[in-house]
Amino acid sequence: MFCKKCGNNLPDNAKFCNKCGAPQVHPDISTTPPEKKEPEKLESGTSNTRKYIVIGIVGIIAVIIIAAVFFYVILGAGFFVTQKSQENSDITYGGASTPTSTVYDDYVASYSWDGKLEEKIFYRVTLVDKLTMLYRNFIDPLVTKSIPYPHIEFISINAPEGTIAYIKDNMGTVSFPNRMGDTNDITRIKSLSQKNEVGIYRAGGFEPGVYPVIYDFRFYPLIEYDQSAVHLNIQLLHQNAHPTYERVKILVPEKSVKEIYFSPSHLIVEKNNDSIIATGQLAENENLNFEVILEKDTLKTLSGFPNYTENIISRTETAYPNQNPFIPFA
């Protein structure tokens, strides 16, 4: 062998070079390389099973994350058609939200022939949906001051404690009948509300419970009349503007009524003391209105815009070919 440092010829077993003194390194030929252990085999495909378990766990975690994002973005943002949320364009439609959301309402309306309407709406919230607005709206112009054509004048609102009552009139002007909120509340209400809308707002959202609201309006409708009678068509709730109402009740005076039609026709109509009462349920987006033929002498007591029209009784009956009117004294 030769020295690894100076190249001097050395005996095979030399540990140091006898010329330069450099230590010599010898390979350990007696030691055999360690046996390469084969991986321990698991019973009947356990390694594959573990792999699938890991993949399954990862998949479940991914689904949970996606679901959490979905519920936060979709439900948390309040994408319902009638309820309005903190992040929403909403819901939206009048009364609250759709039946697929969390609000179902009871509705009681008392109308007198001078045009005054008192509404009691019981908004029942069943889940926490971040709903911030419960409301109702109209097709006809909703105003705070009279205008020279058919309209509905807002008078007052009795709102639950802790809420802010608001109205957005036909011109888009927002006002606060009872009290104003802070700047953020006002900005939110103005951005979410629509024209001809009145309702209540709660910044933190409505917790589950029942929220009764009493509205007072005065209607100034078109009044049709001829030589023998007077005709009114009063629209209370209109299409594409409300959820299902569990219980509906409409009261009108019996006095001076010749005949009256309620829509929808499945409402039960009866006379009780001096009132005509219609009760029942109202499906989502179903029209709620009544048309009434009054005695001619009521014309001078009505609030609205008179218009002479021939044959109003026959014209009204023609509009309801499959429905008989309710006649108090029949």
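Analyst: We begin with exposure: a residue is called buried under 20% relative accessible area, exposed over 50%, and partly exposed in between. The model shown here is predicted. K271 has 38% relative accessibility and therefore counts as partly exposed.

User: Where is K271 placed, and which residues does K271 touch?

Analyst: K271 belongs to strand β15, which spans residues 268-272. Leaving aside residues up to four places away in sequence, K271 touches E254, F326 and P328.

User: What lies 3.1 Å from a polar atom of the K271 side chain?

Analyst: That is the backbone oxygen of N273.

User: Let us turn to charged pairs. How many salt bridges does the structure hold?

Analyst: A salt bridge requires a side-chain nitrogen of Lys or Arg within 4 Å of a carboxyl oxygen of Asp or Glu. The structure holds three of them. In one, the side chains of D106 and R247 meet at 2.9 Å, N to O. This pair joins distant parts of the chain, 141 residues apart: D106 is in strand β2 (residues 103-111) and R247 in strand β13 (residues 245-253).

User: Which partner does D114 have, and how far apart are the closest N and O atoms?

Analyst: D114 forms a salt bridge with R218, and the closest N and O atoms are 3.6 Å apart. Here too distant parts of the chain are linked: D114 sits in the loop between β2 and β3 (116-125), whereas R218 is in strand β10 (residues 209-220), 104 residues apart. D114 counts as partly exposed because its relative accessibility is 33%. R218, at 22%, likewise counts as partly exposed.

User: Where in the chain are R136 and E119, and are they buried or exposed?

Analyst: The side chains of R136 and E119 meet in a salt bridge, at 2.6 Å from N to O. R136 lies in strand β4 (residues 131-137) and E119 in strand β3; the pair links distant parts of the chain, 17 residues apart. Both residues, R136 and E119, are buried.

Methods:
Residues are numbered from 1 along each chain as its sequence is written. This is a predicted model: local features need pLDDT of at least 70, side-chain atom pairs count only at pLDDT 80 or more; totals for chains, interfaces and linings use all residues. Side-chain values use heavy atoms; hydrogens and water are left out. Helices (H or I, at least four residues) and strands (E, at least two) are DSSP runs, numbered from the N terminus. Buried means under 20% relative accessible area, exposed over 50%, partly exposed in between (1.4 Å probe, protein chains only). Contact means heavy atoms within 4.5 Å. A polar contact is a pair of N or O atoms within 3.5 Å; within protein, one must be able to donate a hydrogen and the other to accept it, and residues adjacent in sequence count only if both atoms are side-chain atoms.
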